[in-house]
Amino acid sequence: MARNLDQFEQLKARGYLGDEIVIGEGVALDLPAATAASRVLAGAIDWIVLILGMAVNVFFFARYASQTMLNAPLTTAALIGIVALWVWLVPALVCGITRGFSLGKIITRTRVVRSDGGVITFRHAFIRATIGIFEVYVFQGVPAFLAVVISDRGQRFGDMLADTYVVRWPKRRSFELDISMPASMQAWASSARTREVPGGLLLNITSHFKAIPTLTPQARSEQARVLAAAAEQYVSPAPPWGTAPEDFLAALLVIRNHVEFSRSQLSRERQARTLTAVNRLPYQMRNAAIDE
């Protein structure tokens with residue numbers, strides 16, 4: 001594959017984050033930011049669910065309080081706790097556990113991702129939920145809506161502080177591609193080593209293969225060349241000189257899939273060994289190990 005350092009330097013100079021790669025003929029491969037309308041709809045759905053959950057929780061607590069004759073300070077503290085649970089803790093936990101989804105986002109087919117297109121963590125989810133208390137509830141959603149409309153990637157202030165944004169998330173079947181190792185790359189792949197590739201770049205590469213039937217030969221060649229230039233820094237040694245960009249990209253996807261599968265397999269085996277070792281401990285020691 002011919003080295004394309006000029007293209008790579010252009011991407012680097014633009015501060016490439018994995019969410020967009022603009023190539024010749026004005027074609028862009030990207031993780032498109034969700035529209036303001038879809039964000040408002042998703043937020044409204046989540047808000048209705050949270051309010052209903054909070055109302056049910058308050059109803060049962062009120063019945064319990066009346067039966068047990070709780071005093072006013074305890075009742076007030078409990079109500080504050082219920083509000084905090086449904087306004088702050090539940091949204092953060094749901095977003096963190098589902099890695100960026102919620103009921104509203106599933107319905108509108110959107111998802112919260114990191115700025116580089118990767119999967120968010122609980123830290124991101126809790127930052128977004130904490131700032132959301134002020135944006136959405138204290139100021140009735142006005143700052144959040146204005147920030148979403150004005151910012152380049154539709155980020156509210158919670159997204160800006162958490163370094164996340166909301167994207168339109170395709171249906172799962174759009175990722176089901178049958179990509180195999182090209183015969184010309186097998187020798188190179190047997191000794192090649194890769195490091196972590198940004199999620200946005202991997203998605204752009206996958207989107208390229210998915211879009212091949214709709215691309216002109218020139219656009220297809222240009223896209224593959226730019227993507228290969230961006231991905232080349234994550235492999236060692238570099239692919240052989242003269243390698244077709246699409247062959248390199250296909251080989252990279254196969255290698256990363258194998259790495260992720262092996263990593264997942266090792267994690268499952270480690271967990272199984274730990275569980276077996278814990279189960280062999282006496283009862284009291286077993287509980288102490290689990291608590292730790």
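This dialogue goes through selected features of a predicted model, from overall composition to single residues.

Colleague: What percentage of the residues is buried?

Modeller: Buried denotes under 20% relative accessible area, exposed over 50%, and partly exposed the range in between, computed with a 1.4 Å probe on protein chains only. Of the 292 residues in the protein chain, 37% are buried. As for contacts (heavy atoms within 4.5 Å), residues 24 or more positions apart account for 73% of those with a separation of 6 or more.

Colleague: How is the packing of H9 and H10 to be described?

Modeller: Two packed helices are described by the angle between their axes and the distance between the axes. Axes are lines fitted to C-alpha atoms, for helices over the stretch in contact, and angles run from 0 to 180 degrees between N-to-C directions. The axes of H9 (residues 199-211) and H10 come within 11 Å and cross at roughly 155°. The crossing is left-handed, which denotes a near helix turned anticlockwise from the far one by less than a right angle, clockwise being right-handed.

Colleague: Which residues make that contact?

Modeller: H9 contributes Leu201, Asn204, Ile205 and His208, and H10 contributes Arg220, Gln223, Ala224, Leu227, Ala230 and Ala231. They divide into six nonpolar, three polar and one charged; Ala, Val, Leu, Ile, Met, Phe, Trp, Tyr, Cys and Pro count as nonpolar, Asp, Glu, Lys and Arg as charged, and the others, Gly among them, as polar.

Colleague: What span does H10 have, and which of its residues are buried?

Modeller: The expected span of a helix is 1.5 Å times one less than its number of residues. H10 (residues 217-231) has 15 residues and reaches 21 Å from first C-alpha to last, close to the expected 21 Å. Its buried residues include Gln223, Ala224, Leu227, Ala230 and Ala231.

Colleague: How do H3 and H5 pack?

Modeller: Their axes are 8 Å apart at an angle of about 145°, and the crossing is right-handed. Among the residues that meet are Trp88 and Leu89 in H3 and Phe122 and Phe126 in H5. This contact comprises 13 nonpolar, two polar and one charged residues.

Colleague: Where does the backbone have a positive phi or a cis peptide bond?

Modeller: Most residues other than glycine have a negative phi, and most peptide bonds are trans. Arg99, in the loop between H3 (72-97) and H4 (103-108), has a phi near 60°. Arg109, in the loop between H4 and strand E3 (110-114), has a phi of about 55°. Arg99 is partly exposed at 44% relative accessibility. A cis peptide bond joins Ser236 and Pro237, with omega about -5°, and Pro237 lies in the loop between strand E6 (235-236) and helix H11 (245-279).

Definitions and conventions. Residues numbered from 1 in each chain as written. Predicted model: local features only at pLDDT ≥ 70, side-chain atom pairs only at ≥ 80, totals over all residues. Heavy atoms only, no water. Helix = DSSP H or I, 4+ residues; strand = E, 2+ residues; numbered from the N terminus.
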